Amino acid sequence: MSETKEIHIPLGPSPEKWDLLSKGIDPFGDQMILQMGPQHPATHGVLRLELKTDGEVVTKITPYIGYLHRCFEKVAESVTYPQVIPYTERMDYLAGMNMALSYVLAVEKLREIEVNDRVETLRVLVCELNRIASHCVAIGTFALDIGAWTPLLYLFQVREHILDLLEELSGARMLFNYIRIGGLAHDIPTGWIDKVREFCTYMDPKIPELNGLLSYNKIYIERLAHVGVMSQDVALQYGITGPNLRATGFDYDMRRDAPYSGYEKYDFQPQIGAGEQGTPGDCWDRYIVRVREMEESLKIIRQACDRMPEGDVKETIPKSLRKMPEGEVYVTTEAPRGELGIYLVSDGTDKPYRVKARSGAYCSVAAVPAISLGGLIADLVAIVASIDIVLGEVDR
Amino acid sequence: MIALEPYLDLIISVVYVVGIVLFLSLFALFATWLERKVAGHIQDRLGPMETGGWHGWLQPIADAIKLLIKEDIIPAAADKKLFKLAPYLVFIGSLAGFAVLPFAANLIGSDLNIGVYYVIAVTSLVVIGILMAGWASNNKWSMYGAMRSAAQMISYEIPVALSLLIPVMMAGTMSMVEIVDNQAGGFWNWYVFRTMPFSLIAFVIYFWASLAEVNRAPFDLPEAESELVAGYFTEYSGIRWAMFFLAEYGDMFVVSAIAATVFLGGWYAPFPFLDIIPGPIWFIGKTAFLVFVQMWLRWTLPRLRVDQLMYVCWKIFLPFSFANLLLVGLWVVLKG
Amino acid sequence: MTNFHVMLAVAAILFVLGLLCVMTRRHAISVLMGVELILNSAALNFVIFSHYTVGNLFGQGMAVFIIIIAAAEAAVALAIFLNIYRTLSTSEIDKATQLKG
Amino acid sequence: MILHFLTQAVFWFLVILTVGSAIVVVFNKRILHSAFALLFTLCGVAGLYVFLSADFLAASQMLVYVGGILTLIIFGVFLTARMYNMSIPEQTHQRFLALLPVLGLGGIIFYVLNSAEWHLITPMVAPTTENLGKMLLTTYLVPFEVASMLLLAALIGAIRLARPRKEDHDD
């Protein structure tokens, strides 16, 4: 594990005051309640943060969620098993494939369906493509919140390529409904794998370009290093998963440590934050972990293209899902914003009795007050951007 | 026949004032278009292309019309008098700077003998206008923007003034025209290249500090979109918002024009044989180049944090400016 | 009536208004504003007299000093008011009746 | 003729601006309105300085008073009241009591102003900056340096005073 460094919080109240502040006691007077959101450019949707500020120093944060609540879990109880898939994709709309995969794996586990190798490989391929697209938005909006407009546009070009690929595959650009229970909606079009390979060659120089443009920019590092430090303890207490957890230096990746859908066949390295520019687990680490994860995803995509086996993607799609076995399953996968766990209870009918989604972004929001108290408003903006939330996934 | 002689001065001033307001508006229009184009090309896209055919050159006109006919919203809880007054104050503060900009030897609003000092002084109006706008909006984000802006502008006024003092010391006058006249005869006579490296440092400090003074990136904290929504003009819309906008672009022009005047030889060409090209073209060209650099920086760099901003001003710019001033003073004394 | 008289009258009015402001207003900063008015009127008087009756720059030099003093005075006064507000949580000068915070 | 008329119009405009806004400063109930009205008073006085051919002084007035002192005052208002409280209202007191000496003093001033015999000279209009600078650095060098020391002392004192106390803030 990495050694701990001293944390510098600029202009913040002294550590003794933190105790008082965290209890909501106001040692200074003259504090101001500030509503950040739900309509605020930096809350990535409709998150509302109620801030208590002393000048520019944030002394208390209360996140309020639910502005994008769409009753996914309740709706899922009243539709049939295949009909739930589109709803799952609307949770984290930036990574629809990953969302659907988790649910589909849960149903498959319940029904005990073994899909063939081609289906697994294709699922990994589209999920990793989608992960890159999702990280592009995450990094782009992060930079935007720090005041750098330009990287967003460059990253959206990359994302545009991926969305084009996925559109060719599934007919939709964001809400694909491509991964189905027991297989896929249809096989890939001819020449699609070559296009993916082309994309990989296109993508290769993009990450060094991004590093030159943004990652090692002096101002950017100054803004992010030592800011919003999330210690491993805090991360584990709040159930943080995914890139945010790995940024603290905790080496844990579902794809490697509890492989699903054949991830054990791929050679890749989960990226962890090491406090290169500041403290381990600061905003810059959370940023760079995502950048490097895109490279790793690219590796996986290349391997998937190379080993693409033959087979029928609809081979194991069940004829009827009217009679499901009774019981309950819990499946988690590594989604771009942390672990997505689907807890499924079946009562034997054609509709799920209960669906519970455990999303990574929800836990991340909960941790915001713990890591940003005593910072400035600008730091809070950086922190909210760095934990990369999608409100659709938080509120479901 | 009425003798025109007594009225000539008056007519000239009126024409000049009207001309300057027109120029400012046209420049602001052009600058919005340029800003979008620069942003577009930096971001690997094209920017406006549709309105008006060639590279969307009519886009600013369309925007202006849109802004003019847009509903002017005043929040119910705002302090209406001050809310209405503030944009004009900011606009006047920005416009007043144009009075002493020497477009050419004889094309200047007024060749005040305190020209440089005057520009620094009228900028103060903008600070008050921004504080007024931020407070009158009755919006906490606006208030934050205004407080940041005022603190920032007051802090950065000091390095700006200290760096401007260096060419003033070298020229021995504060009159814009005389300062430019001292730089005639080729770019090696420009103040930015004389007394190397002091004046170059002064130029760099002036340019960066003036970026902060006109709230441009990477010092655009007062209007930092992602933090403070839109800073002190969050609540403004329509024509009043356009006033702030005009003032912002006017300020960009003024600070660039002052840099061009006192450091880059004003209306003089870099080589004497190029002086056949009229002075105003050189002057506006140099200024436009600096405006372009401002845009370039805006679309490239992330934004600083408020404490870093103050750090840069008080602990980097200020000591360097003072040391610089002292050394140039010594240089001037020893040389002459 | 010449400009000279008008300006003297303006200076006098500013002085009187400043005095009234200092005497009647309660908020410490209002009082400070009254003081600024008085200082302005004094500086204006210096400049008027030296311009119209002597013709030298003495008055302007004096006005420069007045501006310097006003700046120093405002900074210190506001620092004191801030301290008073912090310790006594009031900004009305009548209520600041103790020296010890 | 028309130029003279215009100059006089500007002059009277400045006079009315100065006096009118000064009245607002004194009598407005909202302290921030007073502060913003002070802006116009200060600008008006700066304009009058221009008429007294004190151009350097006018610019200094704008720079120091408007850019420095007034901003300080407005910040002071924000800091000594809750800054999100829109109407920082204020009660005046002893208005009628105060009116007595004030009116008396004003009366005396105006009486003197009116009755005194002024020996006026034809004012010269010339740039003053250079001479003013020479004056401040030769004849009045000592007061000038003392003033700069005073400013420095005030600066340090203000910082010392405005800083949060040790027991409030221990870092």
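In chain A of this predicted model, 72% of the contacts between residues at least 6 apart in sequence join residues at least 24 apart. A contact means heavy atoms within 4.5 Å. The chain holds 16 helices and eight strands. These are DSSP runs, numbered from the N terminus: helices are H or I with at least four residues, and strands are E with at least two.

The C-alpha atoms of chain A fill a box of roughly 70 × 50 × 40 Å along the principal axes. The radius of gyration of chain A is 21 Å, which agrees with the value near 21 Å for a compact globule of 396 residues. This radius is taken over C-alpha atoms, and the globule rule is 2.2 Å times the number of residues to the power 0.38.

Of the 396 residues of chain A, 60% count as buried. Buried means under 20% relative accessible area, exposed means over 50%, and partly exposed lies in between (1.4 Å probe, protein chains only). Chain A exposes about 14500 Å², and carbon and sulfur atoms supply 52% of that area. Areas come from the Shrake-Rupley method with a 1.4 Å probe; for residues, only the protein chains shown count as cover.

A:Val137 sits in helix 5 (residues 117-146). A:Val137 counts as buried because its relative accessibility is 10%. Beyond its neighbours within four places in sequence, A:Val137 is in contact with A:Leu94, A:Phe156 and A:Arg159. The C-alpha atoms of A:Val137 and A:Leu155 are 7.1 Å apart, although 18 residues separate them along the chain.

A:Thr248 lies in a loop, between helix 11 (243-247) and helix 12 (254-257). A:Thr248 has a relative accessible area of 3%, so this residue is buried.

Five pairs of chains are in contact, and chains C and D share the most contacts. No contact joins chains B and C; their closest C-alpha atoms lie 14 Å apart. Chain D is divided into domain 1 (1-81) and domain 2 (127-162), with bounds from an automatic or database domain assignment. The contact between these domains takes four residues from each.

Residues are numbered from 1 along each chain as its sequence is written, while chains are lettered from A and ligands numbered from 1 in the order written.

Definitions and conventions
This is a predicted model: local features need pLDDT of at least 70, side-chain atom pairs count only at pLDDT 80 or more; totals for chains, interfaces and linings use all residues. Side-chain values use heavy atoms; hydrogens and water are left out.
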